[in-house]
Amino acid sequence: MFFYFIHVVITKKIMDADKDIMNFKSEVSFLKQQLNPHFLLNAMNNLYGEALSEPDKVPDRILNLSDMLRYQIEATKKDYVLVEEEIAFVKKYIEYYTFRNNRLNVTQNFNGNFDEIEIPPLFFLPLVENAVKFSSETAEPFIIIDLEVKSRNLTFTIKNNFIDSGSRLSSTGIGIENLKRRLEVYRLRHDLSCKKEKNMFVVKLSIWHLPTAVL
């Protein structure tokens with residue numbers, strides 16, 4: 001009888017664990033699926049504008065966009081990707097938008113040894129998207145990105161200017177809420193702060209004890 005009771009308890013714990021894993025994978029999949037349409041919608045709106053104003057540049061822009069979409073498709077099949085892969089994607093994303101808006105001044109600083117550090121895919125995308133979007137309304141748009149990795153701890157800071165009043169832009173908030181939810185679902189120890197300083201918006205994301213890749 002005793003061993004039967006132990007068997008029942010262990011079986012229940014295994015079933016609960018399986019259920020937790022299935023719930024985790026379902027929600028992560030849903031959150032990832034939210035990102036692609038969000039990004040693609042913004043990109044298609046931009047391409048439409050460029051097709052009217054600078055049609056000769058559209059073929060190169062489509063190739064650039066194709067590279068980014070390819071990465072998104074491959075990355076979202078995984079739970080984690082290398083930080084250096086995310087950095088490469090951010091650089092390509094910035095290149096895409098500085099090509100479109102040559103007034104946009106972007107400073108990028110990536111420091112630390114992040115060769116084997118992993119992070120959930122497309123984590124920085126909502127923050128970079130917002131910075132590009134809201135700085136674009138200013139006369140001299142600028143963005144400053146700082147990423148630093150020490151051991152398995154990562155700090156990502158992004159600053160952008162914006163106009164205090166009279167903005168024609170509206171924020172859906174989907175990107176930031178998606179990021180917050182993914183931080184919770186992945187159970188990552190983190191601190192995320194967003195604040196306005198005069199005409200500058202500053203977001204700082206710190207994550208501790210990120211996993212490392214098995215190379």
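The protein has five helices and seven strands, where helices (H or I, at least four residues) and strands (E, at least two) are DSSP runs numbered from the N terminus. Read along the sequence, these elements follow the pattern α-α-β-α-β-β-α-β-β-α-β-β. This is a predicted model, in which local features need pLDDT of at least 70 and side-chain atom pairs count only at pLDDT 80 or more, while totals for chains, interfaces and linings use all residues. Residues are numbered from 1 along each chain as its sequence is written, and side-chain values use heavy atoms, with hydrogens and water left out.

**The whole protein**

- Buried residues make up 38% of the 215 residues in the protein; buried means under 20% relative accessible area, exposed over 50%, and partly exposed in between, with a 1.4 Å probe and protein chains only.
- Of the contacts (heavy atoms within 4.5 Å) with a separation of 6 or more, 75% are between residues 24 or more positions apart.

**The sheet and the helices on it**

- Five strands form an open sheet with mixed pairing, in the order 2-4-5-7-6, and two strands count as paired if DSSP finds at least two bridges between them.
- The edge strands, each pairing on one side only, are strand 2 (105-112) and strand 6 (189-197).
- Strand 6 runs antiparallel to strand 7 (residues 200-208) and is joined to strand 7 by nine bridges; Cys 194, for instance, has Val 203 in strand 7 as its bridge partner.
- Helix 4 (residues 125-135) packs on the sheet, where it touches strand 4 (142-150), strand 5 (153-161) and strand 7, and its direction makes about 15 degrees with that of strand 5; axes are lines fitted to C-alpha atoms, for helices over the stretch in contact, and angles run from 0 to 180 degrees between N-to-C directions.
- Helix 5 also packs on the sheet, touching strand 6 and strand 7, and its direction makes about 160 degrees with that of strand 6.

**Ile 176 in helix 5**

- Ile 176 is found in helix 5 (residues 174-185) and counts as buried because its relative accessibility is 16%.
- Leaving aside residues up to four places away in sequence, Ile 176 touches Pro 126, Leu 127 and Asn 130.
- Asn 130 lies 46 residues from Ile 176 in sequence, yet the two are 8.8 Å apart in space, C-alpha to C-alpha.

**Helix 2**

- The buried residues of helix 2 include Val 58, Leu 65, Met 68 and Ala 75.
- Seen down the axis of helix 2, the buried residues fall within an arc of 145 degrees, so they line one face of the helix; the arc is that of the directions from the helix axis to the C-beta atoms.
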